[in-house]
Amino acid sequence: LCMIHALNRLVKNVESWLRKIFLIRIPGYSETHRHLSFLRSANISYAFSLGFVLAERGFSCGQMSDAKPKLFHGPPTRSVRIYWLLKELEVPADIVPKDLFKAGDLTSPDLIAVNPLGTLPGFKDGDDIVNESGAALMYILGKYGNGKLELKPTDKGYGDYQQWFWFSEATMSQAVVRYLQHIVLLPEEKRVQWIADSTKEGVLKLLGLYEKQLEGKQWIAGDSFTAADIMQIHGLYLAAEFAKLLDKASFPNTYAYYEQLMARPFCKEAYGK
């Protein structure tokens, strides 16, 4: 992939730019220049030469690309997770704001081109489109994270990291949204009381699981803040602010954890607070 990027640069005839990179940004210019001279004299692709040198100096393919990731974002949707992670990792990105309550915002051609469902998030990076928020976080961590904000299999709490990363969406968020549908989101004639009652009971049980998991702990997995914590915010935000089921008296550990997440600067920014 690095060599493909390099070849594109060559086709665009920016050799002078490359020389500036070698002179200014890459240590050991003279050694690098000798590598390139040898490879040219051997009639090997200049693209291969560039790929060889940049790989030797620790440059990644992601660093060579001019394009920035693009996020279609609007709180309080799941796009807050992606926005928050991009900011925590200091990944430059184009943020395209969308308003859930503004007519036409979710049917605009720019969003539909990335997410044909007309929902948020819409996330595009080069030719890659990843609209599932959890998958987008994994993508960003893998491409830009350099090991930050994630646990390795050998780390304490790795099992919790995996479990709660996916629990947050597959179980918690789905349950809260289902409850909200039958108390406020659906037209009144389509709401079903027994479903509302059943899902409310289910959400309270899930909050009980959070309460147990967070006993004596600051973070959901391991001893430090990770992307698994970022994943929790959507379901907990809905439970606290819309469903009104997460309160300090009933779930003190979970509520304290939720307040801690909401106090982080990039979380506030993601929610426009």
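**Figure 1. Salt-bridge network of Arg78, Arg81 and Glu169.** In this predicted model, a network of salt bridges links Arg78, Arg81 and Glu169. Are Glu169 and Arg81 buried or exposed? Glu169 has a relative accessibility of 13% and therefore counts as buried, since the limit for buried is under 20%. Arg81 is also buried, at 0% relative accessibility.

**Figure 2. Salt bridge between Asp94 and Lys68.** The search of the whole structure finds 10 salt bridges, and one of them joins Asp94 to Lys68. The closest N and O atoms of this pair are 3.3 Å apart. Asp94 is part of strand β2 (residues 94-97), while Lys68 sits in the loop between α5 (61-64) and β1, so the bridge ties together parts that are 26 residues apart in sequence. Asp94 is partly exposed, at a relative accessible area of 32%. Lys68 is likewise partly exposed, with a value of 41%.

Figure 3. Glu201 and Lys205 form a salt bridge in which the closest N and O atoms are 3.8 Å apart. Where do the two residues lie? Both are in helix α10, 4 residues apart, which is about one turn of the helix. Glu201 is partly exposed, with a relative accessible area of 47%. Lys205 reaches 56% relative accessibility and so counts as exposed, the limit being over 50%.

**Figure 4. The largest nonpolar core.** In soluble globular proteins, nonpolar side chains tend to be buried together. The largest nonpolar core here has 58 residues. Which of its residues touch the most other members? They are Phe123, Ile140, Met172, Ile233 and Leu236. At least two residues of this core come from each of α6 (79-88), α8 (133-144), α9, α10 (193-213), α11 (227-242), α12 (252-263) and α13 (265-270). Helix α11 gives the most, with 10 residues. With residues up to four places away in sequence left out, Ile140 touches Ile82, Leu85, Leu86, Leu89, Phe123 and Gly145. Another core lies apart from this one and has 5 residues, among them Phe72, Val96, Leu111 and Val114.

**Figure 5. Surroundings of Thr77.** Thr77 is located in the loop between β1 (70-73) and α6. Its relative accessible area is 11%, so Thr77 is buried. The side chains of Thr77 and Ser79 make a polar contact at 2.9 Å. Which residues does Thr77 touch, not counting those up to four places away in sequence? They are Leu100, Leu120 and His234.

**Figure 6. Surroundings of Asn115.** Asn115 is located in the loop between α7 (109-114) and β3 (122-125). The residue counts as buried because its relative accessibility is 5%. The Asn115 side chain reaches the backbone oxygen of Thr119 at 2.9 Å. Asn115 also touches Pro121, Gly122 and Asn131, where residues up to four places away in sequence are not counted.

**Figure 7. Nonpolar surface patch at Ile183, Val184 and Leu185.** These three residues form a nonpolar patch on the surface. Together they have about 260 Å² of accessible area. Ile183 is in helix α9 (residues 158-185). With a relative accessibility of 30%, Ile183 counts as partly exposed.

**Figure 8. The whole chain, for orientation.** The chain has 273 residues, of which 42% count as buried. Its secondary structure comes to 13 helices and 4 strands. Among contacts in the chain with a separation of 6 or more, 65% are between residues 24 or more positions apart. The chain exposes about 14,700 Å², and carbon and sulfur atoms supply 55% of that area.

Technical notes. Residues are numbered from 1 along each chain as its sequence is written. This is a predicted model: local features need pLDDT of at least 70, side-chain atom pairs count only at pLDDT 80 or more; totals for chains, interfaces and linings use all residues. Side-chain values use heavy atoms; hydrogens and water are left out. Patches are made of residues with over 30% relative accessible area and no salt bridge: like charges are joined within 9 Å, nonpolar side chains (Val, Leu, Ile, Met, Phe, Trp, Tyr) within 5 Å. Accessible areas come from the Shrake-Rupley method with a 1.4 Å probe; for residues, only the protein chains shown count as cover. A salt bridge is a side-chain nitrogen of Lys or Arg within 4 Å of a carboxyl oxygen of Asp or Glu. Buried means under 20% relative accessible area, exposed over 50%, partly exposed in between (1.4 Å probe, protein chains only). A nonpolar core is a set of buried Ala, Val, Leu, Ile, Met, Phe, Trp, Tyr and Cys residues joined through side-chain atoms within 4.5 Å. Contact means heavy atoms within 4.5 Å. A polar contact is a pair of N or O atoms within 3.5 Å; within protein, one must be able to donate a hydrogen and the other to accept it, and residues adjacent in sequence count only if both atoms are side-chain atoms.
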